[in-house]
Amino acid sequence: MTDDLARFSLLRGLSAAQRAKVWSTAQEVSIAAHHRVFDEGQDARRCWLIRSGQVALDTTVPGRGLVVVQTLGAGDVLGWSWLVPPRRWHFGAVTLDPVQAVEIDTVRLSALADADPALGYRLALGLFEAVLARLQNTRARLLDLYGSPRER
Amino acid sequence: MLPVPYRVVARTVETDDSATLRLEPIGARVPHPNAGQFCMLYARGIGEVAISISDAWNGTLVHTIRDVGAVSRALSGAPPGAVLGVRGPFGTDWGLDSAVGHDVVIVAGGLGLAPLRPVVLGALHRRAEYRRVTLVAGARSPGEFLFRAQLAEWAARADIDVELTVDRPGAGWDGPVGFVTEPLGRLDVEPSTTIAFVCGPEPMMRFSANVLLDKGLAPDRIRLSLERNMQCGIGVCGHCQLGPLLVCRDGPVVDYVTAEPLLSAREL
């Protein structure tokens with residue numbers, strides 16, 4: 001099972017022993033379609049490695065209701081607000097279809113990382129890689145590349 | 001080099017600023033194009049521009065045109081019955097035949113779906129000859145996808161995987177939200193058996209190529225369609241020069257070995 005976790009980029013840099021430690025904080029979960037996984041502002045105590053299905057990240061915009069800012073899918077990590085204070089979700093998350101995921105208890109994972117800096121460093125690098133990829137994709141959207149040249 | 005008269009027999013509005021024209025020859029016809037080639041379309045008394053071919057059969061040409069200036073406005077607004085001039089087809093093609101026996105990954109951004117539609121149609125027409133066929137297409141908003149009815153048909157088929165994503169979701173859109181590189185990044189790709197076809201704005205092609213390279217695809221397995229100011233169409237006038245290339249003759253389709261140093265240059 002721990003070898004299987006290596007398919008997630010977040011955990012790819014970890015040794016088998018380190019992945020086993022992560023697995024000790026995790027469980028396989030199935031989440032029904034259209035289920036709200038968490039709300040903006042709630043305490044962030046878990047994260048999910050998505051095996052299949054899609055999850056929308058959303059936020060409330062006055063006059064527009066809930067607006068989806070990004071969708072995540074297989075291989076993505078859902079939730080990283082647990083890593084840094086104030087450890088509250090910055091966006092909400094709702095499944096768009098049935099989701100299979102590895103759910104990690106991040107309170108326990110953080111304790112493991114604190115006790116084992118080598119593990120913590122690898123985890124931080126994995127998370128940084130995920131954050132960087134999402135930042136680059138967001139920057140690409142900011143370029144509004146598909147707009148008409150007449151709008152520029 | 002003289003334009004051949006074609007009549008507009010159908011006009012389909014695609015988005016707020018683009019339309020698809022079906023053209024039929026009035027007399028003589030231009031040679032049948034290969035997927036990826038372009039024609040020079042002439043609006044009489046206004047001018048001529050290069051437009052990619054989004055479908056073709058039995059002498060009929062289909063062009064999808066965005067209104068971005070005087071000539072393209074005249075062309076995209078041409079009603080059924082209007083007569084346009086056609087020269088071509090010009091340039092290199094996607095080389096779809098060379099992808100036989102491979103997984104085909106098609107990555108389209110915005111209007112980039114127009115020159116890629118013949119790739120999708122060609123792969124589906126000879127479906128048994130290709131392995132997995134995947135289309136990843138991005139648009140600014142749901143209403144800005146080209147060929148929406150056809151996309152829905154393709155998405156309903158079992159023999160092609162269609163991943164659509166938008167930068168800005170609107171009311172009624174419950175699909176993925178994100179740049180086209182995001183669903184592309186989630187694809188399982190077998191580098192040794194995959195050929196990728198990419199078209200869209202140049203930064204989008206560069207970012208997409210980077211994702212494919214990260215997945216292990218060799219640069220010569222990634223093909224892009226370039227766009228420059230094509231005028232003569234036969235590599236004589238030099239208006240479309242991009243570094244060592246005359247895009248109308250040496251392109252528009254090139255592999256990433258050729259394109260990478262050109263696309264990463266600040267200005268040529």
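**The interface of chain A and chain B**

Modeller: Across the interface of chain A and chain B the rule finds three salt bridges, a salt bridge being a side-chain nitrogen of Lys or Arg within 4 Å of a carboxyl oxygen of Asp or Glu. This is a predicted model, in which local features need pLDDT of at least 70 and side-chain atom pairs count only at pLDDT 80 or more, while totals for chains, interfaces and linings use all residues. Residues are numbered from 1 along each chain as its sequence is written, chains are lettered from A in the order in which they are written, and side-chain values use heavy atoms, with hydrogens and water left out.

One of the salt bridges joins A:Asp144 to B:Arg140, whose closest N and O atoms are 2.9 Å apart.

On the side of chain A that touches chain B, strand S5 (65-72) and helix H3 (117-142) of chain A each supply at least two residues, helices (H or I, at least four residues) and strands (E, at least two) being DSSP runs numbered from the N terminus. The largest share of that side, five residues, comes from S5(A). By type, the residues of that side divide into 10 nonpolar, seven polar and five charged, where Ala, Val, Leu, Ile, Met, Phe, Trp, Tyr, Cys and Pro count as nonpolar, Asp, Glu, Lys and Arg as charged, and the others, Gly among them, as polar.

Taken as a whole, the contact (heavy atoms within 4.5 Å) draws 22 residues from chain A and 28 residues from chain B. The area buried between the two chains is about 2,100 Å², with carbon and sulfur atoms giving 51% of it; buried area is the accessible area (1.4 Å probe) that two parts lose on being put together, summed over both. In chain A, the residues that lose the most area to chain B are A:Arg141, A:Tyr146 and A:Arg150, together 38% of what that side buries.

From chain B, B:Asp17 touches A:Ser148, and also B:Ile65, B:Arg66 and B:Asp67, not counting residues up to four places away in sequence. B:Asp17 lies in the loop between strand S1 (4-15) and strand S2 (18-25) of chain B, and its side chain makes a polar contact with the side chain of B:Thr15 (3.0 Å).

Note on methods: Polar contact = N/O pair within 3.5 Å; in protein donor to acceptor, adjacent residues only side chain to side chain.
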